Amino acid sequence: MSQAEAFDPTVYLNGEWGPLSEARIPVLDRGFIFGDGVYEVVPLYAQPDGTRLPFRLAQHLARLARSLGKIRIDNPFDDAGWRALIHRVIAENAGAGDALVYIQVTRGVAKRRGHAFPAGITPTVFVMLGHLVFPSAADRARGAVAVTAEDKRWLHCDIKSTSLLGNVLMSQHAVENDALETIQLRDGLLTEGSSSNVWIVKGGTLLGAPRGPRILEGIRYGLIEELSREAGIPFEERDITEAELRSADEIMISSATKEVMPITTLDGVQVGEGRPGAVYAALFEAYQRAKTREFEQASKRVI
Ligand code: PMP
């Protein structure tokens, strides 16, 4: 059994703590039957003193609250409650290295199957620690391969819903084409990856697809906006056409697990010069500085 297979973290499920391998939900949980729930993935960075700290937690909790609000599930905790729970999950799973916290809230367990919301049920809350392996320096230096596909998902992509079938199929499409990510296009316009936001560079300007129902606004969306300002890179949030995508000087993706990652081949064609570009390099460096800054502030708060 590999180390990853042997990993059996202590998880939280509806007030109980226990090994992941023993956590159970009833089959009439709305998450199982309808994908009626939302989730979050918060990166945890290993600190020099052996602790792990969440990055941009306030923003993740705000997005979780927004997702819950949009599907009309009462938020089971306030921010202080979520923070306490997340810190307990970290404490229950002492270990070295970067990690992630996965949070899922579903509408709860119904008495019988029926599409509309059942009355009087309590949300199911599940929190676990997961492995997080960032792309290696060699992968970053090479850049990654992406393929494109038509975006066939629903028009509430702004909700971080566990109904992820469209994203699952797009991720599998990438795997079957030896690519890291599938970049989706809807009506000839760039939307996003299967599990990432997508950025292009045109004549020194960084472009991001508009926030709205066609994409999930990554926690890195606002961050990359901030980082581009810090690095003096002009940024525009606007529609990006397929032609602009295919003729971009640089393409990159962002997500909690990739931070920001250059795409150097798109549908078998070299992107720009075929290697990670200057804007990517500036944003990646600014990203590393932003982490250091946030963790320095966190250590000052604790003291
Ligand atoms: N879009 C989709 C569809 C995603 O699944 C993700 C990753 N959760 C993102 C964008 C990027 O979001 P974040 O920066 O919060 O990881």
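This is a predicted model: local features need pLDDT of at least 70, side-chain atom pairs count only at pLDDT 80 or more; totals for chains, interfaces and linings use all residues.
1. Residues are numbered from 1 along each chain as its sequence is written, and side-chain values use heavy atoms, with hydrogens and water left out.

2. Around the ligand there are 15 residues, of which K160, E192, I219, R220 and A256 come nearest; a residue is counted as near if one of its heavy atoms lies within 4 Å of the molecule. By class, this shell has three nonpolar, eight polar and four charged residues, where Ala, Val, Leu, Ile, Met, Phe, Trp, Tyr, Cys and Pro count as nonpolar, Asp, Glu, Lys and Arg as charged, and the others, Gly among them, as polar. Helix 7 (219-230) and strand 13 (250-255) each contribute at least two residues to the shell, with helices (H or I, at least four residues) and strands (E, at least two) being DSSP runs numbered from the N terminus.

3. An N or O atom in the side chain of K160 is 2.6 Å from a nitrogen atom of the ligand, and an N or O atom in the side chain of E192 is 2.7 Å from a nitrogen atom of the ligand. From A256 it is a backbone N or O atom that lies 2.8 Å from an oxygen atom of the ligand. Taken alone the ligand exposes 390 Å², and the protein buries 93% of that, the areas coming from the Shrake-Rupley method with a 1.4 Å probe.

4. The largest pocket has a volume of about 850 Å³, and of the 40 residues that line it, Y39, K160, S194, S195 and S196 are the closest to its centre. A pocket here is an open set of points on a 1 Å grid over the protein atoms alone, with protein on both sides within 12 Å along at least five of seven lines, whereas a cavity is a set of points where a 1.4 Å probe fits but cannot get out; lining residues have an atom within 4 Å of a point. Helix 6 gives the largest share of the pocket lining, seven residues, and the lining as a whole has 18 nonpolar, 15 polar and seven charged residues.

5. The structure also holds two cavities of 30 Å³ or more. The largest cavity, with a volume of about 60 Å³, has among its lining residues D249, E250, R275 and Y280, and strand 14 supplies the largest share of that lining, three residues. Its lining divides into six nonpolar, two polar and three charged residues.

6. The second largest cavity contains about 30 Å³ of space and is lined by L28, R30, I33, F34, A110, R112, R113 and G114. These lining residues comprise four nonpolar, one polar and three charged.

Terms used
A polar contact is a pair of N or O atoms within 3.5 Å; within protein, one must be able to donate a hydrogen and the other to accept it, and residues adjacent in sequence count only if both atoms are side-chain atoms. Grid points are joined across faces, edges and corners, and a volume is the space filled by probe spheres set on the points.
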